Amino acid sequence: MVRASQLLHPQREPAVPRPAATVLLLRDGSGGLEVLMTRRSATASFAPGAYVFPGGAIDAADAQAHEIAARRPTQKDEPLTQAIAAIRESFEELGVLLARHRDGTPVTGEDVHALDRHAPFAAQCRERGLMLAADQVFVLAHWITDRDLPRRFDVPFLVARMPQGQSPVADEAEQFEPVWVRPADALARHQAGQFFMIFPTIRTLERLEKFETVDAVLAACATEQPLWTSCPRAGFLQGAEARFMEHEMPYGELALVCPDGQMLHHLDWRTDQPVALLKNVMRLTAPNPGVMTGPGTNSYIVGDPDTGYIVVDPGPDEPGHQQRLWRAAGGDIRLIVCTHSHADHSPGARPLQALCKTKPPILGLSSAPTARPASEFTPDRVLADGEVLTLTGNGTTHRVQAIHTPGHAANHLCLVLLEDGLLLSGDHVLNGSTTVVDPPDGDMTAYLESLDRLAAACDEHRIDFILPAHGHVLGYPKKAIGMLKAHRLQREARVVAAMRARPGGTLEDWVELAYADVPQRLWPVAKRSLLAHVQRIEALQLAG
């Protein structure tokens, strides 16, 4: 866990989310699935003027109406209360009544018009002998309002089929202009600036547009579990507000820099100056963007003015980049560590060392005989597996432990910032892509075994974040490592299938089958990892 003393910003307590419920009323239109949306009042305290789905806060009376609500055997009390709240809100805001008579017959227009939208809802339903159709309301998603916002809600997004014979009529107080719209059309109109929506609505419609019918949506929601749960985080991109869900690349970085959710961090890639992630960790991205490097190679500067600094992965031999690293550390670089010797990671080590008055030793692992000429590397001192590097000063300590992780390269290692639970993963774990395993220096079995070592290290050192050599900071490290391993094994299964489909084939024969989901322009690179998979498969067959 990151030490509070190393956080960049004073922390504040986010607003407590209020329980609420929202319902997406669905129908099958001539052009496909449609959802009912309305425009909120321009003076509303939350999302004024936005197009939304009907919903609102859960009332105490909702939990007291279970006896007049039909429920599924698997529908527990809390989801039942949420469904009742959604049914009440859809009636109060739009005059749509999800209910039936006790004998199972549907409600009529007379039933709907007999109820007062401003009077207690459940009491009126009891008086008319109506049963709320909560058993026909299903959980689609679970949203918790972003931590940076002053009004927050903990809200399931529910789905239900629009009852036949009813038409929505807005209350003209909270909601206006009910409209049936296909998810794709709503998104297009929002993009054109004609249909304002807030982040959770947009992301829900993006997922909903993949469904063709109401039946398909309801079938997907039959498990009683949300298809996704999210509490988004916000930062800045090119000076504008940007929000992200947990699975998106910048989310982990926002969680590291602003754990309380404040919108303060700028996510733009900077090659001209370092980006502070913590008081004791800065990132400076080398100006070498490309297909293999993404936005560029991340160099990390660990330490503070009292302890001096360790520079991890000084990058390619690019004088401006080394000058900026030296300046960011105030010239006080105590150690230079290379996670491996590829050309975008280690060549900058000697030039950076030369800039320092007191020459810091260059640490890492010597390149193996299998390394390509451009990746030949000899450190001043070999960094032992498990060795701990220590910076101290003015009562502060930063300890960095080495973990040998061959696979991407024979001399690859990762580093753990022990006091703060951070894993500097080099190229072993990336954000946004999978690393290339290129034989003979790369080895797929070693790579997978090293992933297991890193997963164990996450438990041992309570690692909460991964700082990769390419891409933003990653959160949920064990999940990320597990997904990466699963992806590699799934790819290996496709390689096996390709080899069986074309026995005696070549890499060119197999790549188009095993990497059919990858753009053809990337197949030359994919063939490197394909070879690593083939070598592993053949070794396993021999061993078996």
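Visitor: In which sense do strand 18 and strand 19 pair?

Guide: In this predicted model, local features need pLDDT of at least 70, side-chain atom pairs count only at pLDDT 80 or more, and totals for chains, interfaces and linings use all residues. Residues are numbered from 1 along each chain as its sequence is written, and side-chain values use heavy atoms, leaving out hydrogens and water. Strands are DSSP E runs of at least two residues and helices H or I runs of at least four, numbered from the N terminus; two strands pair if DSSP finds at least two bridges between them. Strand 18 (residues 362-364) and strand 19 share two bridges, and the sense is parallel.

Visitor: Okay, which strands stand at the edges of that sheet?

Guide: Seven strands make an open sheet with mixed pairing, in the order 13-14-15-16-17-18-19. Each edge strand has a single partner, so one side of each lacks a neighbour in the sheet: they're strand 13 (275-278) and strand 19 (381-382).

Visitor: What angle does the direction of helix 9 make with that of strand 14?

Guide: Helix 9 (residues 319-328) packs on the sheet, touching strands 14, 15, 16 and 17; contact means heavy atoms within 4.5 Å. Axes are lines fitted to C-alpha atoms, for helices over the stretch in contact, and angles run from 0 to 180 degrees between N-to-C directions. Here the angle is about 165 degrees.

Visitor: And is helix 13 roughly parallel or perpendicular to helix 14?

Guide: Helix 13 (residues 507-514) and helix 14 (residues 523-543) pack at about 100 degrees, with axes 10 Å apart. Angles of 65 to 115 degrees count as roughly perpendicular, under 35 as roughly parallel, over 145 as roughly antiparallel and the rest as oblique. So helix 13 is roughly perpendicular.
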